[in-house]
Amino acid sequence: MSLSISRVIFTGAALTLAACAPAKKPQTAANPAADPRNDLKAGLFDAGEFTSNMKVVGKAVSPNGFLGITNSDLAFTGNYVIQGNYNGPVVWDISNPSSPQLVVAYECPASQNDVSVYKNLMFMSAEAQNGRIDCKPGGVREAVSKERMRGVRVFDISNIKEPKLVANVQTCRGSHTHTVLEDPKDRENIYIYVSGSSGIRPSTELDGCAGDLSASDPNSSRLRIEIIKVPLADPSKAAVVGRANIFAGLEAPPQHGLSDADKAAAAQQIATARASGAFIAKNPQSGMDMVAPAQMVRPLLDSLAKARGASAPNGADSAAARSLVQTAVNRMFANAAPGGRRGVEGSQCHDITVYPSLGLAGGACEGHGLLIDISNPANPVRLDAAADSNFAYWHSATFNNDGTAMLFSDEWGGGGAPKCRAGDKPEWGANAIFDIVADASGKKKLKFRSYYKIPTYQSSNENCVAHNGSLIPIPGRDIMVQAWYQGGISVFDWTDTQNAKEIASFDRGPVDGSRMVMGGSWSVYWYNGQIVSSEIARGMDVVQLTPSEHISQNEIDAANTVKWDQLNAQGQPKISWPPSFPLAKAFTDQLERKGCAAGAVSALRTQIAAAEKANGAARNTALDAAVSAAEGARGCDAKKTDLLKKALQDLRAPAM
């Protein structure tokens with residue numbers, strides 16, 4: 001396998017190699033502390049809500065047996081939304097977006113149960129130890145068992161009301177997430193990139209798994225992406241056909257410490273623990289106080305009591321143990337494996353977003369963001385990698401539509417922690433935006449531009465950090481909607497990669513106002529005019545954009561002309577717009593918003609309106625006049641002028 005040597009970009013405080021990183025702060029409101037989302041009423045189903053330039057048109061509550069169990073990712077086929085849930089996939093019919101209807105809730109426990117689709121097939125990830133090959137509940141008790149399922153399940157959904165399990169493809173590290181890749185050159189098979197982040201299985205449970213070998217050994221299961229090939233003629237024969245090492249040569253990434261909010265929370269926790277008599281020691285790595293774990297303290301107390309012939313420790317034993325705890329803590333850290341999860345030997349991708357029409361993929365791979373060549377799906381090759389001391393966990397990736405830029409998200413805190421507080425740095429738990437540029441030899445590289453984080457402060461009772469999202473097909477612009485867990489959903493414009501700006505949002509108050517309880521938007525994607533959000537604790541929301549100074553009704557109408565038969569957000573489609581008057585009017589609105597020649601814009605609107613009312617030769621005459629009027633804006637924005645002219649020319653009626 002041929003792998004290129006990566007050029008790693010270190011941003012932030014780690015090195016001065018890329019000093020541009022801290023120069024661009026995330027886009028925030030003038031006073032984030034006063035943002036209306038900050039103090040919404042708590043509640044599971046009666047929480048306060050806030051919308052900006054959006055409207056909630058439909059809600060669905062998870063069905064019995066699934067409510068209260070984590071909802072995960074989404075996939076789309078026809079009028080259906082397939083929602084992952086740790087108890088199995090749930091299918092909703094959104095033919096009427098204001099009233100989603102339950103189609104089926106299929107019990108098949110595992111996590112994360114992330115889902116994707118391809119024609120009549122559905123795929124679902126299984127990583128947890130409780131997954132069974134027969135989808136039955138109850139888990140697997142044995143440490144090693146052939147009944148355990150950790151990998152990717154394949155279902156036939158020809159009858160979507162009755163999914164049929166046709167294959168269990170076992171993998172060495174399970175499947176936390178997966179990515180379906182359609183190879184334009186291979187119509188007989190599809191490929192699945194498996195992102196598994198759990199421990200490597202013993203070979204006694206799955207033959208060929210080797211966690212005891214160095215990553216440099218070709219037989220090792222470390223630093224590998226497992227690749228599944230699914231024969232479309234017989235999906236039951238889906239199997240692992242490759243294990244690609246796209247991590248070779250990477251160095252351990254830089255890391256950051258605690259935020260001010262984390263330090264304050266830790267200090268409060270220590271103070272409370274100390275007041276209750278807990279055993280406190282210094283963490284030898286960070287130098288901060290920590291609560292000694294009970295499994296460490298209990299044996300010390302028991303041994304002291306036993307030494308004096310007693311069966312239970314007393315106050316003297318407790319006092320004596322306090323002088324021994326620090327030594328035990330030092331020993332625990334000294335014996336810990338170096339590197340931990342962020343060590344290169346343990347690296348895996350959390351999510352891989354493929355862009356088949358460009359032959360590229362973005363790998364969000366724990367300690368690094370990767371740009372990958374997937375022109376040969378069975379042999380992906382790393383083109384470049386980025387690391388950043390401001391990023392704790394590279395989680396997901398999104399390309400802009402023309403493939404000239406890419407956005408990576410940072411799931412700092414793992415998604416289960418509050419990371420949008422006033423004392424959390426805006427560069428942490430955010431998005432990092434890169435341009436994709438060519439070096440002197442013509443090879444594609446990542447060039448850091450800026451960060452984006454939601455411009456609001458969330459409470460310590462709300463898990464909040466950047467998570468999954470997708471592009472919204474507003475023509476001529478890079479607009480994205482993204483989930484932020486209990487930070488809600490944010491729509492932002494990153495057309496200018498150095499100046500991303502929020503333009504719409506929807507948020508609820510915390511699930512519980514007295515303590516941290518998981519909830520919020522796991523993922524949110526645009527699909528055929530609807531913005532659909534998977535709500536972890538509640539169910540599903542359907543939201544639509546409303547016109548504002550940031551997005552016009554014409555732009556929304558043009559976006560809604562884009563129709564897909566299916567969508568997996570990690571399999572990014574090339575967006576194209578059919579000829580329409582909303583498309584031409586959207587480009588006109590954008591020229592006006594930019595402040596381009598008022599006279600030219602006025603003439604454009606007049607001619608476009610005339611063309612829309614006319615037919616045949618009269619329509620063509622009006623369109624020709626509009627094309628001429630568009631030239632008046634060329635000095636302001638030549639690229640947008642050309643897009644507008646093409647949109648107008650595509651509307652010409654054919655000659656009779």
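Two strands count as paired when DSSP finds at least two bridges between them. Keep that in mind as you explore this model, which is predicted.

**Stop 1: a hairpin**

Select residues 479-483, strand β27, and then residues 489-493, strand β28. These two strands pair in the antiparallel sense over five bridges.

Now look at the turn. The hairpin of β27 and β28 has five residues between its strands. Click on Y485 there, and you will find a positive phi near 55°.

**Stop 2**

Buried here means under 20% relative accessible area. Because five of the five residues of β28 are buried, the strand is largely enclosed by the rest of the structure.

Two partners to pick out are F506 in β29, which is the bridge partner of I489, and A504 in β29, which is the bridge partner of V491.

**Stop 3: the whole sheet**

**Stop 4: two helices**

Two packed helices are described by the angle between their axes and the distance between the axes. Select helix α5 (residues 581-593) and helix α6 (residues 598-613). Their axes come within 10 Å and cross at roughly 170°. An angle over 145 degrees counts as roughly antiparallel, and α5 and α6 are therefore roughly antiparallel to each other.

Show the side chains where the helices touch. On the α5 side, the residues in contact are F581, A584, K585, T588, D589, L591 and E592. On the α6 side, they meet V601, L604, R605, I608, A611 and E612. How do the residues of this contact divide? Seven are nonpolar, one is polar and five are charged.

**Stop 5: some backbone details**

Most residues other than glycine have a negative phi, and most peptide bonds are trans. Here are places to check against that.

- Zoom in on S111 and Q112: a cis peptide bond joins them, with omega about 5°. Q112 lies in strand β8 (residues 112-118).
- Move to C135, in the loop between β9 (121-126) and β10 (151-156). Phi of C135 is positive, near 70°. With 5% relative accessibility, C135 counts as buried.
- Finish at L223, in the loop between β13 (189-195) and β14 (225-231). L223 is not a glycine, yet has a positive phi of about 50°. L223 also counts as buried, at 5% relative accessibility.

Definitions and conventions
Residues numbered from 1 in each chain as written. Predicted model: local features only at pLDDT ≥ 70, side-chain atom pairs only at ≥ 80, totals over all residues. Heavy atoms only, no water. Buried < 20%, exposed > 50% of the residue type's maximum accessible area, 1.4 Å probe, protein only. Helix = DSSP H or I, 4+ residues; strand = E, 2+ residues; numbered from the N terminus. Axes fitted to C-alpha atoms, helices over the stretch in contact; angles between N-to-C directions. Parallel < 35°, antiparallel > 145°, perpendicular 65-115°, else oblique. Contact = heavy atoms within 4.5 Å. Nonpolar A, V, L, I, M, F, W, Y, C, P; charged D, E, K, R; others polar.
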